[in-house]
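This briefing sets out the computed features of one protein chain.

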Amino acid sequence: MTMTTTTNNGLTSKITVFLEMIKFSQTVFALPFALTGALLAAGGLPGGRQLLWIILAMVGARTAAMGLNRLIDADIDARNPRTAGRAIPAGLIGKGITLIFILVSLSILLIAAGQLNPLCLKLSPLAVFFLVLYSYCKRFTALAHVVLGVCLAAAPIGAWIAVRGTVDLPALLLGGIVLFWVAGFDILYSLQDLEFDRSAGLHSFPVALGVNGSLWAARLFHLAMLALLVTLWMVMGLGGFFGAGIMLCIAMLAYEHWLLKDGDLTKLDAAFFNMNGYISVAVLIFTALDVLVKRV
């Protein structure tokens with residue numbers, strides 16, 4: 001009994017370390033956009049079964065992606081003072097158990113995709129390909145930020161396909177919104193590793209463009225996101241609630257860039273974690289208001 005309890009406690013501890021390592025709480029960045037895609041595709045609330053499998057697919061994909069990134073980058077993280085304390089370099093969790101958690105997460109993704117519809121299952125290997133590709137990108141291209149955007153763009157596109165079984169223009173617009181949004185804030189986030197990435201021969205927008213150039217690149221990416229939000233609003237004939245959501249996103253993005261306007265990274269947490277979490281939740285809330293109020 002004692003041995004079993006000890007084993008269970010050890011596994012629970014490893015799971016806790018793994019979830020902290022992959023920043024599971026930051027699922028808030030992508031999950032609201034997946035739910036937004038489901039709401040728009042259904043023109044209201046999707047079925048409970050669909051919603052469950054959409055959430056499981058998204059969580060499985062995001063968990064696998066972050067686990068892969070931590071595993072593949074473990075040696076780089078160990079050399080970077082900012083990341084040396086992460087779980088694998090710090091010896092809090094082994095690479096073997098991390099790989100097991102990743103495989104479990106990928107299994108959840110594939111099972112959920114299979115439960116949704118055939119097209120979701122057929123496209124899931126493509127999603128896995130980009131998840132793996134992202135973790136290697138910074139070794140050879142500054143476009144790693146864009147590839148990360150592609151990975152998260154799969155959330156709303158996949159949710160749309162889960163509901164409708166087809167790839168339609170609004171789904172692609174949603175994917176583009178997430179792509180430019182994520183790539184923009186990832187450029188800002190990577191500013192803190194500029195000197196290390198440069199010395200280690202890694203690639204990023206900050207390495208290629210410097211601080212000022214990266215700030216402008218992030219601004220342009222976020223302008224593109226807003227332009228696609230407006231396009232989606234018009235294409236789908238959405239109403240005033242969605243329009244109000246766009247205005248709120250403009251305000252929050254403006255504040256995010258104002259916080260970092262001089263490259264002051266002391267405000268990065270507020271700009272990166274807080275504002276971007278609020279943006280994704282705001283899009284979901286105002287989409288839900290728009291879609292559901294029309295049905296009343």
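The points below are grouped by topic.

The structure is a predicted model. The chain contains 12 helices and 0 strands, and its radius of gyration of 20 Å is close to the 19 Å that the globule rule gives for 296 residues, so it is as compact as a globular protein of that length. Within this fold, Asp186 is buried yet has no salt bridge.

**Overall fold**

- Along the sequence, the elements of the chain follow the pattern α-α-α-α-α-α-α-α-α-α-α-α.
- Taken along the principal axes, the box filled by the C-alpha atoms is roughly 55 × 55 × 30 Å.
- Of the contacts in the chain with a separation of 6 or more, 74% are between residues 24 or more positions apart.

**Burial and surface**

- Of the 296 residues in the chain, 51% are buried.
- The chain has an accessible surface of about 13300 Å², and carbon and sulfur atoms contribute 71% of that surface.

**Helix H2**

- Helix H2 covers residues 31-42 and has 12 residues; the distance from its first C-alpha to its last is 17 Å, close to the 16 Å expected at 1.5 Å a residue.
- Because 10 of the 12 residues of H2 are buried, this helix is largely enclosed by the rest of the structure.
- The buried residues of H2 include Pro32, Phe33, Thr36 and Gly37, and among them are also Leu35, Leu39 and Leu40.
- The alanines Ala34, Ala38 and Ala41 also belong to the buried residues of H2.
- Gly43 follows H2 and has a positive phi, near 65°.

**Helix H8**

- Helix H8 spans residues 169-190 and has 22 residues.
- From its first C-alpha to its last, H8 reaches 31 Å, close to the 32 Å expected at 1.5 Å a residue.
- H8 is largely enclosed by the rest of the structure, because 19 of its 22 residues are buried.

- Asp186 lies in helix H8.
- For the buried Asp186, the nearest side chain of opposite charge is that of Arg82, 8.5 Å away.
- A salt bridge requires a side-chain nitrogen of Lys or Arg within 4 Å of a carboxyl oxygen of Asp or Glu, and Asp186 has no such salt bridge.
- With its neighbours within four places in sequence left aside, Asp186 is in contact with Tyr134, His145 and Leu148.

Conventions:
Residues are numbered from 1 along each chain as its sequence is written. This is a predicted model: local features need pLDDT of at least 70, side-chain atom pairs count only at pLDDT 80 or more; totals for chains, interfaces and linings use all residues. Side-chain values use heavy atoms; hydrogens and water are left out. Helices (H or I, at least four residues) and strands (E, at least two) are DSSP runs, numbered from the N terminus. Buried means under 20% relative accessible area, exposed over 50%, partly exposed in between (1.4 Å probe, protein chains only). Lys and Arg count as positive and Asp and Glu as negative; His and the chain ends are not counted. Contact means heavy atoms within 4.5 Å. The expected span of a helix is 1.5 Å times one less than its number of residues. The radius of gyration is taken over C-alpha atoms; the globule rule is 2.2 Å times the number of residues to the power 0.38. Accessible areas come from the Shrake-Rupley method with a 1.4 Å probe; for residues, only the protein chains shown count as cover.
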